[in-house]
Amino acid sequence: MTSSEKYVPSAREQAFLDTVENVKYDRESINGLKPFLNDKAPDFVKDFYSQEELEALRNLKDTERDVEARMPVKMTRHYAELAQNSAPIRRLVKADPSETESLVGSEDPGHQMDYSPVEGLLHKYEMGLMYVVSTCSAHCRFCYREELISRKEIERGDGTVAKKGLAQIPAITAYIRSHNEIVAANGGRHPESGREKLREILLSGGDPMVLTNSKIAEWFSALAEAGIESIRLGTKELAFFPQRFDASFMAMLDSFHATYPDVGLRLMVHFNHPDEFLLKDEGGNYIMDEMGIFIWHPATKLAMDSLVKRGWVTIENQSPLIKGINDDSDALRIMQRAIKRVGAHNHYFFCGRDIIAHEAFNIPIETAWKLLNESQKGLSGVETHARLSITHYKGKTEVAAVTNGPIPGVPGTENGVVIFKILRNAAKAGDRGKVCIVARNPDAIWFDGYADRVIYDEAGLFEYSRVTAAPVGSKA
Ligand code: SF4
């Protein structure tokens with residue numbers, strides 16, 4: 001089946017889809033800088049930018065430093081209200097001229113397109129990631145999908161230049177079926193790529209929660225019918241518009257689970273800072289109940305409780321560590337503790353990627369490691385499950401350790417070393433656990449900051465050559 005052919009749901013699928021109810025949501029979103037520049041912003045957000053800030057942004061308009069050309073500006077009313085009492089939240093959505101001071105970076109961070117056998121799908125590891133939509137309820141200024149959200153043309157591994165396309169159900173399900181049939185016929189591995197069964201798919205974008213319940217349901221059931229064992233949905237909607245997790249969405253989840261009880265559902269949520277979900281008093285302190293437990297924003301708590309009590313959905317938080325937003329170990333400690341207490345999990349913290357303009361957002365790798373470790377002091381073992389990951393072109397890599405002292409007898413290690421460990425190799429599973437040791441460089445914000453000081457590299461992080469032509473299995 002190709003993308004031009006119509007996808008025909010099975011009878012079981014159709015019966016599930018017929019149960020789904022759609023609701024119209026009004027996020028009262030403010031789109032772009034125009035309402036602010038033209039003094040037309042709604043009252044609840046009137047003072048979001050000062051006149052000086054607006055003037056500085058106006059002066060950059062239509063120049064190569066135009067902040068909106070890099071990343072469209074957008075926020076919901078819910079988030080704007082949280083921002084009134086939080087500098088980190090404001091920074092997350094507020095355009096700032098410093099964003100385009102340096103436009104150094106990659107248009108295709110992680111060389112993602114090397115892993116795209118079908119438009120809108122990245123096939124890495126034993127899982128696939130799909131771009132199902134190109135916007136979110138609000139836009140994080142640091143987003144590492146800025147090229148998708150601002151619809152930029154990017155160069156792919158084969159030299160062609162085009163905007164990233166969105167995944168379509170017919171082509172994606174055909175690819176999954178074809179890949180898995182070839183793998184099964186070949187004893188569990190793809191004969192060309194060595195890949196195993198494609199068994200887990202992440203709906204991403206953009207934020208799939210801006211789609212209707214019906215559209216999300218169509219994806220869920222089509223993937224289940226194609227043999228996917230676990231479906232992930234990546235979303236920041238719990239922070240931007242928690243009201244989206246309402247009874248109609250929960251009913252869709254329940255109906256899906258009743259129809260496909262063996263298919264796992266994983267919600268990959270995205271909180272960067274506790275100000276996104278904890279209540280604060282006028283002095284800026286988190287409010288606690290009489291037992292000393294932090295109190296959540298009621299709408300966010302309701303959404304989280306509704307998800308957690310469905311034990312067949314797991315909720316995993318993952319967050320990049322971003323300059324001026326959450327480079328604060330006390331905030332990270334509170335966030336990890338509060339997330340775990342309500343039954344969700346702390347999955348990853350990420351060092352920033354090498355996106356265009358990453359210098360405005362990324363903190364040094366060694367600072368991030370120290371920050372996370374500081375934040376985990378005083379937390380219990382189950383509250384500290386999150387690891388610090390940095391996504392190398394090769395795959396997910398843990399920043400496993402940073403030493404303060406030298407390794408005796410090893411020249412070049414006088415100021416200590418950083419140890420990276422491969423968690424997942426995007427192309428083949430075999431490299432997991434391999435390490436790379438480099439001499440410290442406290443200023444390094446990306447791997448290239450260590451290129452001149454590699455001590456030991458069984459992981460091959462510094463011998464990387466770009467994957468070429470059709471690395472991930474046959475096209476369907
Ligand atoms: S929610 Fe995620 S995809 Fe959307 S703008 Fe933020 S970082 Fe980007």
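**Reading helices and a sheet**

Modeller: Let's start here: helix 13 passes helix 14 in a right-handed crossing. Right-handed means the near helix is turned clockwise from the far one by less than a right angle, and left-handed means anticlockwise. Helices (H or I, at least four residues) and strands (E, at least two) are DSSP runs, numbered from the N terminus. This is a predicted model, where local features need pLDDT of at least 70, side-chain atom pairs count only at pLDDT 80 or more, and totals for chains, interfaces and linings use all residues. Residues are numbered from 1 along each chain as its sequence is written.

Colleague: At what angle do helix 13 and helix 14 pack?

Modeller: Two packed helices are described by the angle between their axes and the distance between the axes. Here helix 13 (residues 329-341) and helix 14 (residues 365-376) pack at about 55°, with axes 8 Å apart. Axes are lines fitted to C-alpha atoms, for helices over the stretch in contact, and angles run from 0 to 180 degrees between N-to-C directions. Helix 13 and helix 14 are therefore oblique to each other; under 35 degrees counts as roughly parallel, over 145 as roughly antiparallel, 65 to 115 as roughly perpendicular and the rest as oblique.

Colleague: Which residues of helix 13 meet helix 14?

Modeller: From helix 13, S329, L332, R333 and Q336 meet L371, L372, E374 and S375 of helix 14 (contact: C-beta atoms, placed from the backbone, within 7 Å). The residues of this contact divide into three nonpolar, three polar and two charged. Ala, Val, Leu, Ile, Met, Phe, Trp, Tyr, Cys and Pro count as nonpolar, Asp, Glu, Lys and Arg as charged, and the others, Gly among them, as polar.

Colleague: Now the sheet: in what order do the twelve strands stand?

Modeller: Strands of a sheet pair through backbone hydrogen bonds, either parallel or antiparallel. In this model the open sheet has the order 3-4-7-8-9-10-11-12-13-14-15-16, with mixed pairing (two strands pair if DSSP finds at least two bridges between them). Strand 3 (121-124) and strand 16 (454-457) are at the edges with a single partner strand each, so one side of each has no neighbour in the sheet. From one strand to the next, the twist averages 25°.

Colleague: How many bridges join strand 12 to strand 13?

Modeller: Four bridges join strand 12 (residues 387-392) to strand 13 (residues 395-402), and the two run antiparallel. A hairpin of two residues links strand 12 to strand 13, and H392 has G395 as its bridge partner. On strand 14, G395 is partnered by N425. Strand 13 and strand 14 (residues 417-425) are also antiparallel, joined by seven bridges.

Notes: Two residues are in contact if their C-beta atoms, placed from the backbone, lie within 7 Å.
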